[in-house]
Amino acid sequence: MPPGTATGDTRADGGDGATSSVLYTYDLAPTKKQGRRWGAYNVFTLWANDVHSLGNYAFAIGLFALGLNVWGILAAFALASVLLFLLLTLSGFMGHKTGVPFPVMSRIAFGIRGAKIPAAVRGIVAIAWFGIQTYLASAVLSALLIAMFPGLRGLDSNSLLGQSTLGWISFLSLWALQLLIVSYGMQMIRRYMAFAAPTTLITMLALAVWMFVRADGSISVSVDAPLTGGAMWLQILQAAALWVVIYGTFVLNFCDFTRSARSRGSIVRGNVIGIPLNMLFFAVIVVVLSGAQFKLDGHVITSPTDIVRTIPNMVLLATASLALIALTVAVNLLANFVAPIYALIDLFPRRLNFRRAGVVSAVVGLVILPWNLYNSPIVVNYFLGGLGALLGPLFGVIMADYWLLRKSRINVPDLYSEDPRGEYHYSRGFNPRAVAAFVPAAAVAVVVALVPFFHAAAGFSWFVGALLAAVFYALIADRGAQIRDVDGESIAVAAE
């Protein structure tokens, strides 16, 4: 069956009726267990790429500027890595068992129609950050082009819709590259990850070693007035929580990738190497870059690009810049491109397949002029921050339903059935109990995240929302409903 083909008459063994062409397409179908290709290395490459993003470096280096010393930064990332390992392993197991992407996974708790709510929220956040990350990478490319060809500086002095001519050229080039990669499907994304991960790790390690040598083999362990006592520990806890919040989007749709995982063991091994070990490696790189630069001139850098621009050798400068660009493209593909593609397919199953949805996502990411979003603190903090706060409650409801109520027993064929007797039909396709648990928890999470009075607790908004939603749902969930465990092999398609 070719990508994008829908079926309206496939019978599902153990299900309550035929699969619906509104709910079932090739791209949304469960993957066959036989032939899944994602092993531990592929899972590891997700994190090797995603952790080392420009945005993550800016966040982590900012901790040094806020007064955390080297050991405080390492402690924050050690704690965050443990939390993420647990959350992502639970989420990953769901994808492996069912073989379905996030929009379909959401149908379990929210219903076959109610699932469009979490899918849409996740997709909107992802598209906005897709554009922003592409813009950040294009800024690195523009700087590299000017360094290599100074005559291009004239193209960087005008402004059209907030971007210079050179900025537009750089942005559209990287935009088109990502669209090309996605057009070949998940298999091409997997191959790109496998290439980008070692390139990223080697480049960042080389950059840290170079800075360490420049600083005569030592670094500053803190700024001049570091945090101490309770203030230090509060910052460590907030930093760990915010790091989890950064991955709040990925925690939700990790199943988009683990639906192609060979086994639970491959997910665990890939997560062990990719999260705790890789994040501590990342933290070491951060403290070396921050501490070495502070020792050299007393200034705290805001991003690795600040250091890259100081590399005196043009070949090394180009290599480091291209590695950062490749890294940012990898992060975008993982965290910000796949999610909206599946969300759009779920919203318009009869019109879109993986490739067409990729085009739509990319076009929206372009027309929102993401550089203007990024340069507007109001938009980033309130719009994206508010939407981000909704992700915790969504996670709480979905996890409580899957692990606490159903104990991982899922009737996969019924996820694609519109039969009113189906397990996930609930009330006209919506689960009112899931909505009732989500709404108050989401309201509390948004207030904690955005209201200045709760500034000290804002970093914990994701956890507050997730825990409240999970507790609310556990209290009001329907425990009298029939729960069956039926795999989706009868309607599954080959994994990419």
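Reader: What covers the buried residues of α8?

Author: In this predicted model, the cover over the buried residues of α8 includes α2 (54-66), α3 (70-98), α9 (248-252), α11 (264-297) and α18. The buried residues themselves are Met232, Gln235, Ile236, Gln238, Ala239, Ala240, Ala241, Trp243 and Val244.

Reader: How do you know that the span of helix α8 agrees with its 18 residues?

Author: Let's set one value against the other. Helix α8 covers residues 229-246, and at 1.5 Å a residue it should span 26 Å. The C-alpha atoms at its ends are 26 Å apart, so the two values agree.

Reader: Why is asparagine 56 called buried?

Author: The word buried is kept for a relative accessible area under 20%. Asparagine 56 has 5%, so it counts as buried. This residue lies in helix α2, one of the elements covering α8.

Reader: Which residues does asparagine 56 touch, leaving out those up to four places away in sequence?

Author: They are Asp50, Val51, Trp243, Ile246, Tyr247 and Phe282. Trp243 is also among the buried residues of α8.

Reader: What makes the pair of valine 51 and asparagine 56 a polar contact?

Author: The backbone oxygen of valine 51 lies 3.0 Å from a polar atom of the asparagine 56 side chain. A polar contact needs N or O atoms within 3.5 Å, one able to donate a hydrogen and the other to accept it. The distance of 3.0 Å therefore meets the distance cut-off.

Reader: Why is serine 361 called buried?

Author: Its relative accessible area is 1%, and the cut-off is under 20%, so serine 361 is buried. You can find serine 361 in helix α14 (residues 354-367). Not counting residues up to four places away in sequence, it touches Ile127, Phe130, Phe337, Pro340, Ile341 and Leu344.

Reader: How many residues apart in sequence are serine 361 and glycine 131?

Author: They are 230 residues apart in sequence, while their C-alpha atoms are 9.6 Å apart in space.

Reader: Why is phenylalanine 454 called partly exposed?

Author: Partly exposed lies between the buried limit of 20% and the exposed limit of 50%. Phenylalanine 454 has a relative accessible area of 33%, so it belongs there. It sits in the loop between α17 (432-450) and α18 (461-476). Together with Val447, Val451 and Phe453, phenylalanine 454 makes a nonpolar surface patch of about 370 Å².

Reader: What makes helix α4 mostly covered?

Author: Nine of the nine residues in α4 (residues 102-110) are buried, among them Phe102, Met105, Arg107 and Phe110. After α4 comes glycine 111, with a positive phi near 100°.

Technical notes: Residues numbered from 1 in each chain as written. Predicted model: local features only at pLDDT ≥ 70, side-chain atom pairs only at ≥ 80, totals over all residues. Heavy atoms only, no water. Buried < 20%, exposed > 50% of the residue type's maximum accessible area, 1.4 Å probe, protein only. Helix = DSSP H or I, 4+ residues; strand = E, 2+ residues; numbered from the N terminus. Patch = residues over 30% accessible without salt bridge, like charges linked within 9 Å, V, L, I, M, F, W, Y side chains within 5 Å. Areas by Shrake-Rupley, 256 points an atom, 1.4 Å probe, with all protein chains shown as cover. Salt bridge = Lys/Arg side-chain N within 4 Å of Asp/Glu carboxyl O. Expected span 1.5 Å × (residues − 1). Contact = heavy atoms within 4.5 Å.
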